Amino acid sequence: MANPSLKNEKLYEDLREDGMSKEKAARISNAQANKDMHPSEKGGKAPPYEDWTKDDLYARAQEIGIDGRSDMTKEELIDALRNH
């Protein structure tokens with residue numbers, strides 16, 4: 001599989017074999033191939049989803065295209081965002 005958008009095809013294939021989605025495997029493999037990125041380090045300083053308002057959670061769900069978001073409760077939005 002010669003995909004020029006992948007920076008580390010071996011890692012991508014390994015992550016896919018472990019059951020990771022195409023999108024997530026590509027992000028991780030490309031991030032690890034970039035010396036300026038550190039995907040194994042702790043992420044940003046955003047507050048936990050439980051501290052967000054329902055409107056903010058809805059807006060984030062809309063940004064990333066989660067279907068059915070308009071009928072979800074705050075807890076369902078949190079779950080959907082964490083498992084996207």
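Student: Buried means under 20% relative accessible area. Is Tyr 49 buried or exposed?
Tutor: This is a predicted model, and in it Tyr 49 has a relative accessible area of 18%. Because that value lies under the 20% cut-off, Tyr 49 counts as buried.

Student: What is Tyr 49 in contact with, leaving aside its neighbours within four places in sequence?
Tutor: With those neighbours set aside, Tyr 49 touches Leu 57, Lys 74, Ile 78, Leu 81 and Arg 82.

Student: How many aromatic pairs does the structure hold?
Tutor: The structure has one aromatic pair.

Student: Let us step back. How many helices and strands are in the chain?
Tutor: The chain has four helices and zero strands. Read from the N terminus, the order of its elements is α-α-α-α.

Student: And how much of the chain counts as buried?
Tutor: The chain has 84 residues, and 21% of them count as buried.

Student: Which residues make up the largest nonpolar core?
Tutor: That core consists of nine residues, namely Tyr 49, Leu 57, Ala 61, Ile 66, Met 72, Leu 77, Ile 78, Ala 80 and Leu 81. Two helices, α3 (54-64) and α4 (74-82), each give two or more residues to this core.

Student: Which element gives the most to this core?
Tutor: The most comes from α4, which supplies four residues.

Student: Where is the place of Leu 6?
Tutor: Leu 6 sits in the segment before α1. With a relative accessible area of 9%, Leu 6 is buried. Between Leu 6 and Ala 26 there are 20 residues of separation in sequence, while their C-alpha atoms are 6.5 Å apart in space.

Student: Now for the helix pairs. At what angle do the axes of α1 and α2 cross?
Tutor: Helix α1 (residues 9-17) and helix α2 (residues 22-33) cross at roughly 145°, and their axes come within 8 Å. The crossing of α1 past α2 is right-handed.

Student: Which residues make the contact?
Tutor: From α1 the contact uses Leu 11, Tyr 12, Leu 15 and Arg 16, and from α2 it uses Lys 22, Ala 25, Ala 26, Ile 28, Ser 29 and Gln 32. Six residues in the contact of α1 with α2 are nonpolar, two are polar and two are charged.

Student: What about α3 and α4: at what angle do they pack?
Tutor: Their packing angle is about 35°, and the axes of α3 and α4 are 10 Å apart. Here α3 passes α4 in a crossing that is left-handed.

Student: Which residues of α3 and α4 meet?
Tutor: On the α3 side they are Lys 54, Leu 57, Tyr 58, Arg 60, Ala 61 and Ile 64, and on the α4 side Lys 74, Leu 77, Ile 78 and Leu 81. The contact of α3 with α4 has seven nonpolar residues, no polar ones and three charged ones.

Student: Last topic: is Ile 78 buried or exposed?
Tutor: Ile 78, which lies in helix α4, has a relative accessible area of 8% and is therefore buried. Beyond its neighbours within four places in sequence, Ile 78 contacts Tyr 49, Glu 50 and Leu 57. Ile 78 and Leu 57 are 21 residues apart in sequence, with 7.1 Å from C-alpha to C-alpha.

Conventions:
Residues numbered from 1 in each chain as written. Predicted model: local features only at pLDDT ≥ 70, side-chain atom pairs only at ≥ 80, totals over all residues. Heavy atoms only, no water. Axes fitted to C-alpha atoms, helices over the stretch in contact; angles between N-to-C directions. Left-handed = near helix turned anticlockwise from the far one by under 90°. Contact = heavy atoms within 4.5 Å. Nonpolar A, V, L, I, M, F, W, Y, C, P; charged D, E, K, R; others polar. Core = buried A, V, L, I, M, F, W, Y, C linked by side-chain atoms within 4.5 Å. Buried < 20%, exposed > 50% of the residue type's maximum accessible area, 1.4 Å probe, protein only. Phe/Tyr/Trp six-rings, centres within 6.5 Å; stacked < 30°, edge-to-face > 60°.
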